[in-house]
Amino acid sequence: MRRIVADRFRRLFNRSFLLHRHHHNHNHPPFPASSSLTSHYPFSPYRFFFSTPFSSMASDSPFPVTAQNINPKVLKCEYAVRGEVVTLAQNLQKDLLANPGSHPFDEILYCNIGNPQSLGQSPITFFREVLALTDHPAILDKSETQGLFSADAIERAWQIVEQIPGRATGAYSHSQGVKGLRDTIAAGIEERDGFPANPDDIFMTDGASPAVHNMMQLLIRSENDGILCPIPQYPLYSASIALHGGFLVPYYLDEASGWGLEIPELKKQLDVAKSKGINVRALVVINPGNPTGQVLSEENQRHIVDFCKQEGLVLLADEVYQENVYVPEKKFHSFKKVSRSMGYGENDVTLVSFQSVSKGYHGECGKRGGYMEVTGFSAEVREQIYKMASVNLCSNISGQILASLVMSPPKVGDESYESFMAEKGNILASLARRAKTLEDAFNKLEGVTCNKAEGAMYLFPQIRLSQKAIKAAEEAKTAPDNFYCKRLLNATGVVVVPGSGFGQVPGTWHFRCTILPQEEKIPAIVSRLTEFHEKFMDEFRD
């Protein structure tokens, strides 16, 4: 069995070597080249072979399912946001509870994941009132309810309950979602964009992630099918491409221009992929960016739409941070709006837009609500998309309700309007202040540069590490940015994610830090990180 595993590794390594050699003369290879395969191949199976000791892969396992006979695509899948550093943080948290005072910090400060309410953000009152009433409609007509809930929340709950099969949130719905809720979402999209939206184009999902998986499952037929993805990227995309057996075709965002998305880079990487026999099916664009925080200009978006039209690519538009824009000179424009404003109709551009209740100002991650708007597909393909949705029966009803509320919040004249606008405004203003404070703090650190967070929930600073630090990381058999993040965690309790989990230009090192810890916690994060960084740089100075 060990010989079989070793042979498998050699085949994978040889394939990787050939790919790397082919791309050697290009500015950016499809995956970063490195003296350490495991440190720079976050989307590949090679990390498994380097990190798993042969002793744990023996053939005399008492279990019928082993690491050798599970789906190899699972082994290839990586998800850094909940990876090694987070596991270490969870172990430290347990140790702090069992042994108070055993570490140089008294709490773990999680800056690794976009999970606002876990870090103290309050839910939007109107949304939760409607959810409570729809979950227990028996109280809707009780007199006490009038004094506990706002009138518009009660009215909205009545409307929604009447739309749900059996008037029960515990019932299955239509596989695309409750029709009345899709009507509401389509109306919200139309109000946002100024162009018509069809509720039959809406497929409601448990957050945006299942929608992404659905599209990858639809588009990827074999390892010769590729998906153009930004680097850095949100690891959902590399993970879903790996799970569905496709090929990630990277295009590099330009850090020097504020993580710009350049059409010549798209064209270059598309041509390189084609020359290797890769059939590129789609282009992923994350706007606002994750982990990079940039907001695309409308002109840039028009060029992207034209590129997809000319190259026959499906445009997969991740727009889950559309409410998170913090700079006055930038505004969010959906790709649907941009394409329609260019004169492209339903059959001209194939576009899938993803939205989620997990982000924005609402941060309802645990409610698992979201949708994809699917346009530009033939009727026979739409039937297949519906069939895939039917296999899962339906998404959860509470998430569907929330998605409709996000796209149709209280309006002027509604009882909840002023309190809603105050809650929303306070959250977004606080996020903008936190982003600016962390950005300024990172840029004051020796050897660190950080672009402005124009939107989303993250900063992605670059850290220039000494050769001494890089050598220490190699000796520890880990990527240099992972080495830095682990040292930061052990010294301060601050959890960030190494940039190697998102992809980065070879020879550069980054980490992703969320702006989500509550505002009163930010000074502690800044002071802890600053003190650690100064000591780290002194310890590993060349």
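This passage describes the overall make-up of a predicted model, the surroundings of E373 and the state of two cysteines, C450 and C513.

In the predicted model, the protein contains 20 helices and 14 strands. Its chain comprises 542 residues, of which 55% count as buried. When contacts between residues at least 6 apart in sequence are considered, 73% of them link residues at least 24 apart.

The residue E373 lies in strand β8, which covers residues 370–375. E373 counts as buried because its relative accessibility is 2%, and the limit for that class is under 20%. A polar contact of 2.7 Å is formed between the side chain of E373 and the side chain of K336. K336 is also among the residues touched by E373 when those up to four places away in sequence are left out.

The number of disulfides in the protein is zero; a disulfide would require two cysteine sulfur atoms within 2.5 Å. For C450, the closest cysteine sulfur belongs to C513 and lies 8.7 Å away, so the separation is too far for a bond. For C513, the closest cysteine sulfur is that of C111, at 4.2 Å, which is likewise too far for a bond. Both cysteines are buried: the relative accessible area of C450 is 7%, and the relative accessibility of C513 is 1%.

Methods: Residues numbered from 1 in each chain as written. Predicted model: local features only at pLDDT ≥ 70, side-chain atom pairs only at ≥ 80, totals over all residues. Heavy atoms only, no water. Helix = DSSP H or I, 4+ residues; strand = E, 2+ residues; numbered from the N terminus. Buried < 20%, exposed > 50% of the residue type's maximum accessible area, 1.4 Å probe, protein only. Polar contact = N/O pair within 3.5 Å; in protein donor to acceptor, adjacent residues only side chain to side chain. Contact = heavy atoms within 4.5 Å.
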